[in-house]
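Welcome, and please open the structure in your viewer. This tour goes stop by stop, telling you what to select and what is there.

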Amino acid sequence: MSGDGPVNGTPASLPEPVRARVVALAAERLGQLPADEIPGALRQFARFTPAKRARLAAAPLATAVDADPVFRSSVAQAVRAAYPELVGALDAGAPPPAADPFDAAAAAYLCRTPGWPDVVRHAADVLESAAARTAAATDAAGTARLSEQLAAAKSAVKVERERARAEIAAVRSELDDARRRLRMATEAQRAAEAAAETASAERDKLRRAAERLGTSSEAELKRARARLAELESQLEQVRRAGRESRSLDELRLWLLVDTLTNAAQGLRRELALPPTEARPADAIVDRLQSARGSEPASGRGLAPDDAAWLESLVAVPGVHLVVDGYNVTKTGYGTLPLEAQRTRLVQGVASLAARTGAEVTVVFDGAERLTGAAPTTPRRVRVIFSPVGRLADDVILSLVRAEPPGRPVVVVSSDAEVADGARAAGARAVASPALLGLLGRG
């Protein structure tokens, strides 16, 4: 917005607060003009309220005030009538010090009072100074906040460093103690082995002597046999003492090894090492299958939905059978109501658990969607409903990951994502038809 100004120049544009006041004054005046005095570009807005004209016709009003001297003069007359003291002071070249600089700039611009460009530039300077103070205050607050955050972070790092040092010292102390106990156990085992070797050598020596003197005397032979039995008894006592000593030491070592194993598992997850297909449970299942004269339990020759394969897996001592509840029931008897499906499945796996001694966990989706009464929980059977907002698939994989390495775990689900996740966590995965077939046999 520009206009014809004095010799010293016209501001390139009005500050936004000044422009808003000019538009508001022009919108107010537009509604007071006769129809023949309204500029053509503003006639369509004449019937609006002043506030609506200022909002919707801001650009046309600003253009008319800037380019139409007649319209600007009409607006200026209204300003002189509404603010005579302010305009009088501006005409005298002395804007009131207490007056709003933006109101003064708008009145000077419309009335073209002497030195109006300077009044407009003063309003622009006031706006710029206010913006600079706001920016400085914002920067100061941000700097203070960042300083506080930095101090808090340094304090947290210091505390964490001290805690890590204390934990490292404790682990080192435990490791030294374990090494000392291991050394003592090794020395005791060596002493027992040496005593056993001595007793064995003496037994062999007496046996040879008895063979040489076998014909000399029956009485001498009996004494030799008695001596041999005594030495064998001593040898057995020495061996038993050695085994008992080793058992106690091995128990202590096992606790240490278990701790180190857990640490190794955490390191394995941290390093993202790929899982291996081989598990200690595989060897147990293979031995059981070999004893029966059939092929190993690795599943070669058996489909993942084969009931015979699942039967061989649940026969493994200490096995944990985790069942994807609705995946099985909807595969086998999905036409029944949900309550009947749950009851039938839980009763079936309860019979299987009683027959095999396996630990069985059945996971159903959504406790919030539970209809009817929850099924009763038989012995050796655990029934879980996934919490609100969580799928049964996530609960199943959490159960698998919670098991210690080496324990045989079997997951029953035809859901490919669940089966793949179970295998990745070290469990066996079989399809739902396998369990349905096995329960049908029972």
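**The whole chain**

Start with everything shown: of the 442 residues of the protein, 30% count as buried, where buried means under 20% relative accessible area, exposed over 50%, and partly exposed in between (1.4 Å probe, protein chains only). This is a predicted model, in which local features need pLDDT of at least 70 and side-chain atom pairs count only at pLDDT 80 or more, while totals for chains, interfaces and linings use all residues. Residues are numbered from 1 along each chain as its sequence is written, and side-chain values use heavy atoms, with hydrogens and water left out.

Switch to a cartoon view and you will find 15 helices and five strands; these are DSSP runs numbered from the N terminus (helices: H or I, at least four residues; strands: E, at least two). A surface view exposes about 25900 Å², and carbon and sulfur atoms supply 56% of it, by the Shrake-Rupley method with a 1.4 Å probe. Among contacts (heavy atoms within 4.5 Å) between residues at least 6 apart in sequence, 59% join residues at least 24 apart.

**Stop one: H3 and H4**

Select residues 58-67, helix H3, and residues 69-82, helix H4: their axes come within 5 Å and cross at roughly 100°. The axes are lines fitted to C-alpha atoms, for helices over the stretch in contact, and angles run from 0 to 180 degrees between N-to-C directions. H3 is therefore roughly perpendicular to H4, a label for angles of 65 to 115 degrees (under 35 is roughly parallel, over 145 roughly antiparallel, and the rest oblique).

Now show side chains: Leu61, Ala64, Val65, Asp66 and Ala67 of H3 meet Pro69, Phe71 and Arg72 of H4. By class, this contact has six nonpolar, no polar and two charged residues. Here Ala, Val, Leu, Ile, Met, Phe, Trp, Tyr, Cys and Pro count as nonpolar, Asp, Glu, Lys and Arg as charged, and the others, Gly among them, as polar.

**Stop two: the largest nonpolar core**

Which residues of the largest nonpolar core touch the most other members? Of its 38 residues, they are Val18, Val22, Leu42, Leu61, Phe71 and Tyr109. Such a core is a set of buried Ala, Val, Leu, Ile, Met, Phe, Trp, Tyr and Cys residues joined through side-chain atoms within 4.5 Å. Helices H1 (16-30), H3, H4, H5 (84-91), H6 (101-111) and H7 (116-212) each supply at least two residues of this core, and H6 gives the largest share, nine residues.

Center on Leu61. Leaving aside residues up to four places away in sequence, Leu61 touches Val23, Ala26, Ala27, Leu30, Leu42, Arg53, Ala54 and Phe71. A second, separate core of 31 residues includes Ala307, Leu310, Ala358 and Ala434.

**Stop three: Val314**

Go to Val314 in helix H10 (residues 307-314). Val314 is buried, with a relative accessible area of 1%. Not counting residues up to four places away in sequence, Val314 touches Val319, Leu321, Leu352, Thr356, Ala358 and Leu438.

**Stop four: H12 and H15**

Select helix H12 (residues 338-356) and helix H15 (residues 432-441), whose axes come within 10 Å and cross at roughly 70°. That makes H12 roughly perpendicular to H15. Leu345, Gly348, Val349, Leu352 and Arg355 in H12 meet Leu435, Leu438 and Leu439 in H15.

**Last stop: two loop arginines**

Arg112 lies in the loop between H6 and H7 and has a positive phi of about 55° although it is not a glycine. Finish at Arg380, in the loop between strand E2 (359-364) and strand E3 (381-385). Arg380 has a positive phi near 70° and, at 40% relative accessibility, counts as partly exposed.
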